[in-house]
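Subject: Structure handover

Hello,

Please find the structure below. My notes on what was found in it follow.

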Amino acid sequence: MQENGKSAGKSQKKSWFQGLQAEFRKIVWTDRDTLIKQTIVVLVITIILCAIISVMDAAILEGINFLLK
């Protein structure tokens, strides 16, 4: 009885991996130039947002310190 359960589990895993492999074949990967451009855009936006948040944090901190004094 257990032998049937084990073999059914193996075939189910095998079919799952085959489905996963079929899905990976459908993926369209971007070319290197596009990937580099998009990475640069993400880094620039991240740096800009970091600077904006830092300035806002410092301004709010100074405002709170001004109110508490």
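One aromatic pair is present in the structure. Its members are Trp 16 and Phe 17, whose ring centres lie 4.9 Å apart; with the ring planes at 75°, the pair counts as edge-to-face, because planes over 60 degrees apart fall in that class. Trp 16 has a relative accessible area of 53% and is therefore exposed, the cut-off for that label being over 50%. Please keep in mind that this is a predicted model.

There is also one salt bridge in the structure. It joins the side chains of Lys 26 and Glu 23, with 3.2 Å from N to O. That distance meets the criterion of within 4 Å. Both partners belong to helix α1, which covers residues 2-26. Lys 26 and Glu 23 are three residues apart there, or about one turn of the helix.

As for the chain as a whole, it contains two helices and zero strands. Of its 69 residues, 0% are buried. A residue would need a relative accessible area under 20% to be called buried. The accessible surface of the chain is about 6900 Å². Carbon and sulfur atoms account for 69% of that surface.

To look at these features on the model, start with Trp 16 and Phe 17 for the aromatic pair, then go to Lys 26 and Glu 23 for the salt bridge.

Regards

Notes
Residues are numbered from 1 along each chain as its sequence is written. This is a predicted model: local features need pLDDT of at least 70, side-chain atom pairs count only at pLDDT 80 or more; totals for chains, interfaces and linings use all residues. Side-chain values use heavy atoms; hydrogens and water are left out. Helices (H or I, at least four residues) and strands (E, at least two) are DSSP runs, numbered from the N terminus. Rings of Phe, Tyr and Trp (its six-membered ring) pair if their centres lie within 6.5 Å; planes under 30 degrees apart count as stacked, over 60 as edge-to-face and the rest as tilted. Buried means under 20% relative accessible area, exposed over 50%, partly exposed in between (1.4 Å probe, protein chains only). Accessible areas come from the Shrake-Rupley method with a 1.4 Å probe; for residues, only the protein chains shown count as cover.
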